[in-house]
Amino acid sequence: MRDHPHEGAAAPDDPGTTDGADSGARPTGGSHAEIPEVWHGSATNRVQWLLAAVGAGCLALGIELAVESSWTAGLAPLVMSVVGCVAVGLLVLFGTLAYVHVAVRIDKDCLEVRCGHIGVPRRRIPLDTVVGADFTPQVTPRHWGGWGYRWRPEQGTAVVVRRGEGMVVRLGDGRDFTVTVDDAEGAVRAIRGRLRPREGTPAGA
């Protein structure tokens, strides 16, 4: 089909264009053309490295007490001090390093969320259990009672590593899953573009 002048085609005497070139440069498929085959996103909270340093300090103090102290005086209090410092240090280290970073991966089959630089804990959600996804401009630890992997009966579950934008994934069982991730709008588009229409419900609704 030939382009028509009222549709924005160049005039016939314009030597810089050829018939049909304008239509070839126009993207097809709307927003779906922008959705990559595999979408990757992440979010990082560098402030939590300070908490990790505190945990490392507690762990180092426990080790120093165990190595340098005289075990002949007050054995029970010393053991309690060593165990307490080591336990607190390990808990703080794991609790911060596991949630200093989150990585999100969306392919044609599932949404996968990995926490920390070693990817633990991890959650994998098949897209055939997802009924929708929404962008939320502000997620804060105050909304969820703290950092990390959170659960609240009235809100569902969440992975919160920083304040700011995130996405809310609505599951078929009525629960929600929230995750803080950069370019959350892109993540929402990636999920909506992969959802299969359900009976009586448009895709991505």
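Which backbone nitrogen does the side chain of aspartate 107 reach at 2.8 Å? Let us walk towards that residue step by step.

This is a predicted model, in which local features need pLDDT of at least 70 and side-chain atom pairs count only at pLDDT 80 or more, while totals for chains, interfaces and linings use all residues. Residues are numbered from 1 along each chain as its sequence is written, and side-chain values use heavy atoms, with hydrogens and water left out. The predictor's confidence in each residue, from 0 to 100, is called pLDDT; its mean over the protein chain is 75, and 60% of the residues reach 70 or more. A contact means heavy atoms within 4.5 Å.

Now to the sheets. Helices (H or I, at least four residues) and strands (E, at least two) are DSSP runs, numbered from the N terminus, and two strands pair if DSSP finds at least two bridges between them. Four strands make an open sheet in the order E1-E2-E3-E4, with antiparallel pairing. Its edge strands are E1 and E4 (122-126), each pairing on one side only. On average, neighbouring strands here are turned by 10 degrees against each other, direction ignored. Between E1 and E2 there are six bridges, and arginine 105 in E2 is the bridge partner of histidine 40.

A second open sheet has five strands in the order E5-E8-E9-E7-E6, and its pairing is mixed. E5 and E6 (148-152) stand at the edges with a single partner strand each, so one side of each is left without a neighbour in the sheet. E6 runs antiparallel to E7 (residues 156-160), and five bridges join them; threonine 157 in E7 is the bridge partner of tryptophan 151. Helix H5 packs on this sheet, touching E5 and E8, and its direction makes about 175 degrees with that of E5. For such angles, axes are lines fitted to C-alpha atoms, for helices over the stretch in contact, and the values run from 0 to 180 degrees between N-to-C directions.

H5 covers residues 184-192, and its buried residues include Ala187, Ala190 and Ile191. Buried means under 20% relative accessible area, exposed over 50%, and partly exposed in between (1.4 Å probe, protein chains only). The buried residues of H5 pack against E1 (39-44), E2 (101-106), E3 (110-115), E5 (130-139) and E8 (164-171).

What gathers inside? A nonpolar core is a set of buried Ala, Val, Leu, Ile, Met, Phe, Trp, Tyr and Cys residues joined through side-chain atoms within 4.5 Å. The largest one has 27 residues, and those with the most contacts inside it are Val104, Ile106, Leu111, Met167 and Ile191. H5 gives the most to this core, with five residues. Isoleucine 106 touches Leu111, Met167, Ala187 and Ile191, among others.

That brings us to aspartate 107, in the loop between E2 and E3. Aspartate 107 is buried, with a relative accessible area of 14%. Its side chain reaches the backbone nitrogen of cysteine 110 at 2.8 Å, which settles our opening question. A polar contact of 2.7 Å also joins the side chains of aspartate 107 and arginine 105. Such a contact is a pair of N or O atoms within 3.5 Å; within protein, one must be able to donate a hydrogen and the other to accept it, and residues adjacent in sequence count only if both atoms are side-chain atoms.

Technical notes. Lists of a residue's contacts leave out its neighbours within four places in sequence.
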